[in-house]
Amino acid sequence: MSALAQTHGALNLAQGFPGFAPSPEIQAGLHEACERGMFQYAPMPGYLPLREDIARQLEHRYDFCASPQEEITITAGGTQALYTAFTTIVQPGDRVAYFEPAYDSYHPAICLNGGIPVPIQLQGEGFEIPWNELEAELSIGLKAIVINSPHNPSGSILSSEDLRQLGELIQSTGTFVISDEVYEHIVFDGDIHFSVLQDPVLKHRSIVVSSFGKTYHATGFKLGYAVAGAGIMKEFRKIHQYQVFAVHSASQYTFHRMMQNPEHHEQLGAFYQGLRDVFRAGLQGSSWGLMPCRGTYFQLLKVPKRLQGYGDLEAAEWLCQEKGIALIPMSPFYADGRNTGLLRACFAKPVEILEEATALLRNIP
Ligand SMILES: Cc1ncc(COP(=O)(O)O)c(C=O)c1O
């Protein structure tokens with residue numbers, strides 16, 4: 001959709017990246033890293049001061065004690081952390097459950113590692129886990145379950161009760177959890193993000209993935225990290241070592257510098273909530289239905305009645321070509337490509353862009 005948006009000069013609310021510059025502190029950090037001569041390989045598991053910062057944050061936010069030496073690894077974005085997590089856990093023939101709609105890397109990563117993807121559809125407007133179905137799949141055997149909260153594309157979040165229930169279900173199994181928490185700092189309306197690291201069962205069974213790109217408006221730096229118990233992390237690092245060995249030194253120093261000031265991530269939810277509210281207010285009373293949005297920087301929209309005859313992909317193409325606005329259809333978030341009648345908008349854009357976008361969308365009767 002981004003390529004199509006470019007061809008048609010359309011406003012791009014499709015791809016999920018922030019449309020504003022990161023803090024000048026990022027540039028200062030990168031500059032300082034170069035002045036300090038950080039041009040050579042970082043240690044394989046990552047720059048130690050950055051791993052120490054992450055450990056401090058995990059303790060502060062989730063009351064979770066992680067060893068920076070043994071349980072945290074810096075990766076080339078959430079994407080690599082996820083792929084390495086799948087390679088660590090999944091052996092050929094293993095069944096791996098994930099919930100749809102799903103971020104697009106899970107399904108191929110399971111397949112590329114020889115696993116068998118087991119998609120389970122989230123239910124209702126709140127995109128809730130169908131526990132009976134998950135239990136039925138567990139009874140056949142699951143090597144791992146992938147969860148993502150806050151959730152892309154639906155903007156839903158898992159509660160502490162959801163995590164407790166998941167822990168209870170897998171407690172007597174050998175099932176692992178891959179927990180994609182890249183939007184951990186982006187939750188709204190006083191809600192709280194619960195990490196699997198806070199659950200007494202799940203914290204021993206999980207690989208948790210996060211991303212600096214999402215937190216610091218710097219997706220192009222492609223830096224993230226994984227957290228897991230020492231035993232799992234030892235295996236994770238055996239893969240990481242031969243996939244990338246180590247990731248970009250100067251960027252690691254930059255985020256280490258950013259992490260000295262917690263203000264940025266602490267106000268991130270309020271910042272995006274403001275943008276969400278501008279976007280939603282701009283569509284009130286229009287032909288577009290708004291799905292709930294409790295976290296992330298994505299808003300799902302129900303297509304207006306006059307577009308419901310189209311598939312969501314065709315509706316998105318029509319909007320881009322004829323109306324000059326690019327949104328993402330939801331069907332590619334399902335393995336069977338079903339028509340959902342929903343489009344995803346990324347509201348991580350300056351207010352002027354959001355106002356322009358809502359004006360374009362309001363024009364559709
Ligand atoms: C749910 C989810 N997980 C992982 C990622 C990948 O993060 P990164 O850009 O750090 O590789 C994204 C990026 O869009 C995402 O939405």
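How far apart do the C-alpha centres of domain 1 and domain 2 lie? I looked this up first, and the centres are 26 Å apart.

**Ground rules.** I note that I am working on a predicted model, in which local features need pLDDT of at least 70 and side-chain atom pairs count only at pLDDT 80 or more, while totals for chains, interfaces and linings use all residues. I number residues from 1 along each chain as its sequence is written.

**Domains.** I took the bounds from the domain assignment, which gives domain 1 as 2–16 + 266–362 and domain 2 as 24–261; such bounds come from an automatic or database domain assignment. I find that the contact takes 22 residues from domain 1 and 25 residues from domain 2, where two residues are in contact if their C-beta atoms, placed from the backbone, lie within 7 Å. On the side of domain 1 that touches domain 2, the elements that give two or more residues are helix 12 (268–283) and strand 10 (298–302), and helix 12 supplies the largest share, 5 residues. I use helices (H or I, at least four residues) and strands (E, at least two) as DSSP runs, numbered from the N terminus. By class, this side of domain 1 has 13 nonpolar, 6 polar and 3 charged residues, with Ala, Val, Leu, Ile, Met, Phe, Trp, Tyr, Cys and Pro counted as nonpolar, Asp, Glu, Lys and Arg as charged, and the others, Gly among them, as polar.

**Ligand shell.** I then listed the 14 residues around the ligand, of which G77, G78, T79, Y103 and S211 come nearest; a residue is near a molecule or strand if its C-beta atom, placed from the backbone, lies within 6 Å of it. Helix 4 (residues 77–89) gives the most to this shell, with 3 residues. The shell divides into 2 nonpolar, 10 polar and 2 charged residues.

**Helix 12.** I checked the length of helix 12 against 1.5 Å a residue: its 16 residues should span 22 Å, and its end C-alpha atoms are 23 Å apart, which agrees. The expected span is 1.5 Å times one less than the number of residues. I find L268, G269, Y272, L275, R276, F279 and G282 buried in helix 12, where buried means that 20 or more other C-beta atoms lie within 10 Å of a residue's own, exposed means 12 or fewer, and partly exposed is in between, with C-beta atoms placed from the backbone. Seen down the axis of helix 12, the buried residues fall within an arc of 160°, so they line one face of the helix; the arc is that of the directions from the helix axis to the C-beta atoms. An α-helix has 3.6 residues a turn, so residues three or four places apart point the same way. The face of helix 12 turned away from its buried side carries the exposed residues A270 and A281. Among the elements that cover the buried residues of helix 12 are helix 8 (212–215), strand 13 (342–346) and helix 14 (351–362). Helix 12 is followed by G285, which has a positive phi near 75°.

**Helix 14.** I find L354, A357, T358 and L361 buried in helix 14, and, seen down the axis, these residues fall within an arc of 95°, so they line one face of the helix. They pack against strand 1 (11–12), helix 12 and strand 11 (325–326). The exposed residues E352 and A359 sit on the face of helix 14 turned away from its buried side.

**A66.** I located A66 in the loop between helix 3 (48–62) and strand 2 (72–75), and A66 counts as buried because it has 24 C-beta neighbours inside 10 Å. Leaving aside neighbours within four places in sequence, A66 is in contact with A55, L58, E71, I72 and V227.

**Backbone exceptions.** Most residues other than glycine have a negative phi, and most peptide bonds are trans. I noted a cis peptide bond from E100 to P101, with omega near 5°, and another cis bond from N152 to P153, with omega near 15°. P101 lies in the loop between strand 3 (95–100) and helix 5 (106–112), whereas P153 lies in the loop between strand 5 (144–148) and helix 7 (160–170). D63, which is not a glycine, has a positive phi near 55°, and D63 is exposed, with 10 other C-beta atoms within 10 Å. F245 is not a glycine either, and its phi is positive at about 60°; F245 is exposed, with 11 other C-beta atoms within 10 Å.
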